Amino acid sequence: MNEHLSPDLIVDYLHGELAPEDDALAHVHLSTCAACRREIDLESNLTEVLQKMAAAEEQEMPSLIKAAVWQQIRDAQPGPVARFAAWLRSPVAIPAFGVPAFAVLLVGGWLASPYGHSAGTAPTIDAAYYLQAHAQTAQTPLSIQPAQPALETSMIDSGAGPQLADADADAALAAGGLDGSR
Amino acid sequence: MVRVKPVAGAFCALLVLASTSAGPIAAAVTPPPASPAASVSASASASALPTEPADPTVLLRSSVAAPKTVSYVGQFESVRFASSRASATIVKVEHRAPTLTRRWYVAPEALYGDYVITRGSSTYQFDTKGSKLTVTRNAALDDPLLSGGNFNRILQNYRAIYDADAIVADRPTASVSLINKYTGERAVRVWIDRQTHLVLKKEEYHANGAVAAQTRFEDLRYTTSIPDDIFSIDAPAGFSRVAGPAAAAPSSDIEKVIHDAGFTPYTPKVLPQGFNVVSGDVAMVNGVRTLHLLYSDGLRSISLFENATGAAADFGSLHPTTVSFEGHDGQYVEDGPTTLLTWKEHDIYFALVGDLLRPELIEIAKSVVP
């Protein structure tokens with residue numbers, strides 16, 4: 001081969017895409033032709049420069065895009081509830097979870113019942129009792145109306161001098177004829 | 001269940017008012033004997049009015065006794081002021097001396113038609129909406145020492161002065177104010193009927209001068225012609241009859257009361273000037289032994305309740321506000337000028353009640369367990 005290599009042959013030679021016979025002829029020619037070796041070197045350098053430039057232009061994916069991608073990945077995965085539900089459906093979970101759950105329901109039901117409730121609850125005193133008891137005993141002589149408890153005690157003026165007890169009320173209370181418990 | 005209809009109650013009240021208004025029936029009004037109202041007239045003229053005694057305390061003493069000798073029908077209005085709101089009631093009243101009284105609620109609507117009959121120290125509360133009759137005995141009124149002693153305590157701590165006269169419920173009145181001897185503040189002002197010496201209007205004031213409560217007659221007729229049925233305590237058909245909360249009989253023997261409490265109580269170390277312990281009692285409240293100590297200066301009172309059995313206050317539908325003092329949280333509610341403050345300290349639950357401003361009450365609470 002005495003003719004110079006064409007540019008297409010040089011490129012194909014560099015990329016190893018020539019047929020073996022053509023590749024051998026191009027190799028023999030380059031060993032004796034300084035002009036074609038320069039062309040090969042130029043082409044080789046150009047290819048290297050382009051590869052470096054392409055590598056330099058690679059950029060990080062914007063963070064928002066990455067976040068959106070990860071969000072889609074997470075959405076595609078089952079959540080904790082779904083995973084727990086899936087775990088409950090497994091044969092192992094039924095005895096491991098079912099027995100304690102039944103025990104909790106049993107204890108809770110007992111505490112909510114009158115038996116459990118009465119045993120564990122501290123007594124309380126109705127706040128209204130304090131107001132009524134105070135109004136009944138805190139008498140002042142200067143009043144428009146006699147003392148009166150119970151019904152909206154605080155709204156009514158209270159207080160009066162000593163008075164006679166009502167015999168009917170005494171009799172009823174003494175006989176236990178009233179329905180009230182207090 | 002049969003319920004008493006408010007309309008029927010109003011009709012009865014109107015009948016009473018009509019029967020006692022000016023006219024032939026009014027002319028037949030006979031005031032009780034030996035009464036300051038022995039010559040009560042429907043429209044007293046100024047020239048016929050008795051002059052008030054030079055010493056206002058004499059008039060005050062007479063006003064205290066007036067309800068025992070003067071009978072009347074009328075309507076009065078009460079307004080009680082909390083720190084940021086007020087509650088009011090309008091009540092028709094029939095009173096037959098010495099001890100029969102019926103109050104019939106006109107307002108607010110929630111109480112409309114309900115009525116309360118007082119016979120001496122017993123009270124019969126007719127809840128027409130709930131068809132319930134509640135009977136309550138107030139043992140405090142049976143103790144003449146505890147009740148009668150109040151007036152002397154008033155004079156110890158307050159100075160009575162005459163204020164400007166006024167017309168209340170179309171009646172000429174003499175006005176007397178009670179001035180706190182220690183603070184110089186006016187605590188109470190009353191307007192007293194110059195003929196009958198009945199208190200027709202009353203204003204109570206906080207320590208800062210704000211009005212705490214006002215009660216006054218809108219309408220008033222003196223009469224003894226009040227039918228007995230008005231004061232009937234028979235439960236209407238369908239009513240359940242229950243006993244009201246039993247207030248323990250108060251005792252002035254404080255040492256015995258404290259002994260009966262069964263635990264060592266705490267008492268306030270700081271009280272407004274003029275206040276002293278007046279009485280005490282121990283009551284079983286919802287199965288809880290509760291000590292109650294009452295402090296008073298004659299006009300104003302403070303109650304301290306204590307229990308050592310871990311029974312906290314149940315505020316129910318009340319909406320308490322939390323307040324912090326001396327490193328622990330308390331809760332308080334205001335009921336008109338009355339404040340209830342509760343807290344726990346040294347395994348004892350305390351409840352403090354009084355017609356004092358909240359800061360005053362908190363200062364007292366701080367001194368209970370210093």
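- Chain A contains nine helices and one strand, and its elements follow the pattern α-α-α-α-α-α-α-β-α-α when read along the sequence.
- Chain B, by contrast in its make-up, contains six helices and 20 strands.
- Of the 182 residues of chain A, 23% count as buried, while for the 370 residues in chain B the buried share is 44%.
- Among contacts in chain A between residues at least 6 apart in sequence, 26% join residues at least 24 apart; in chain B, 56% of the contacts with a separation of 6 or more are between residues 24 or more positions apart.

**The twelve-stranded sheet of chain B**

- Twelve strands of chain B make an open sheet with mixed pairing, in the order E7-E8-E9-E10-E11-E1-E2-E3-E4-E5-E6-E12.
- Strand E7 (158-168) and E12 of chain B are the edge strands of this sheet, each of them pairing on one side only.
- On average, and with direction ignored, neighbouring strands of this sheet are turned by 20 degrees against each other.
- Helix H3(B) packs on the sheet, where it touches E7, strand E8 (171-180), strand E9 (186-193) and strand E10 (199-205) of chain B, and its direction makes about 70 degrees with that of E7(B).
- Within the sheet, strand E1 (residues 72-81) of chain B and strand E11 (residues 211-222) of chain B are paired in the antiparallel sense over nine bridges, and B:Ser78 has B:Thr215 in E11(B) as its bridge partner.

**The seven-stranded sheet of chain B**

- Seven strands of chain B form an open sheet with antiparallel pairing, in the order E13-E14-E15-E20-E19-E18-E17.
- Because E13 and strand E17 (321-325) of chain B each have a single partner strand, they stand at the edges, and one side of each is left without a neighbour in the sheet.
- The twist from one strand to the next averages 20 degrees.
- Helix H5 (residues 254-261) of chain B packs on this sheet and touches E13 and E14 of chain B, with its direction making about 30 degrees with that of E13(B).
- Strand E13 (residues 276-285) and strand E14 (residues 288-296) of chain B pair in the antiparallel sense over nine bridges; in E14(B), B:Leu291 is the bridge partner of B:Val282, and B:Leu293 stands opposite B:Gly280.
- E13(B) and E14(B) form a hairpin with two residues between them, and B:Asn286 in the turn has a positive phi of about 55 degrees.

**Two residues in strands of chain B**

- B:Ser240 lies in strand E12 (residues 240-243) of chain B and counts as partly exposed because it has 15 C-beta neighbours inside 10 Å.
- The C-alpha atoms of B:Ser240 and B:Phe126 are separated by 9.9 Å, although the two residues are 114 residues apart along the chain.
- B:Asn307 lies in strand E15 (residues 301-307) of chain B and, because it has 23 C-beta neighbours inside 10 Å, counts as buried.
- Leaving aside neighbours within four places in sequence, B:Asn307 is in contact with B:Val288, B:Arg289, B:Thr290 and B:Tyr349, and its C-alpha atom is separated by 6.9 Å from that of B:Phe350, which is 43 residues apart from it along the chain.

**Confidence in chain A**

- The average pLDDT of chain A is 63, and 36% of the residues score at least 70.
- Among the elements of chain A, strand E1 (residues 124-126) has the highest mean pLDDT (90) and helix H9 (residues 167-174) the lowest (45).
- The pLDDT is below 50 over residues 113-119 of chain A, a stretch that has five contacts in the model beyond near neighbours in sequence.
- Over residues 146-182 of chain A the pLDDT also stays under 50, and the model has 116 contacts beyond four places in sequence for them.
- Where pLDDT is low, the predicted coordinates should not be read in detail.

Key
Residues are numbered from 1 along each chain as its sequence is written. Chains are lettered from A and ligands numbered from 1 in the order in which they are written. This is a predicted model: local features need pLDDT of at least 70, side-chain atom pairs count only at pLDDT 80 or more; totals for chains, interfaces and linings use all residues. Two strands pair if DSSP finds at least two bridges between them. Helices (H or I, at least four residues) and strands (E, at least two) are DSSP runs, numbered from the N terminus. A residue is buried if 20 or more other C-beta atoms lie within 10 Å of its own, exposed if 12 or fewer, and partly exposed in between; C-beta atoms are placed from the backbone. Two residues are in contact if their C-beta atoms, placed from the backbone, lie within 7 Å. Axes are lines fitted to C-alpha atoms, for helices over the stretch in contact, and angles run from 0 to 180 degrees between N-to-C directions. pLDDT is the predictor's confidence in each residue, from 0 to 100.
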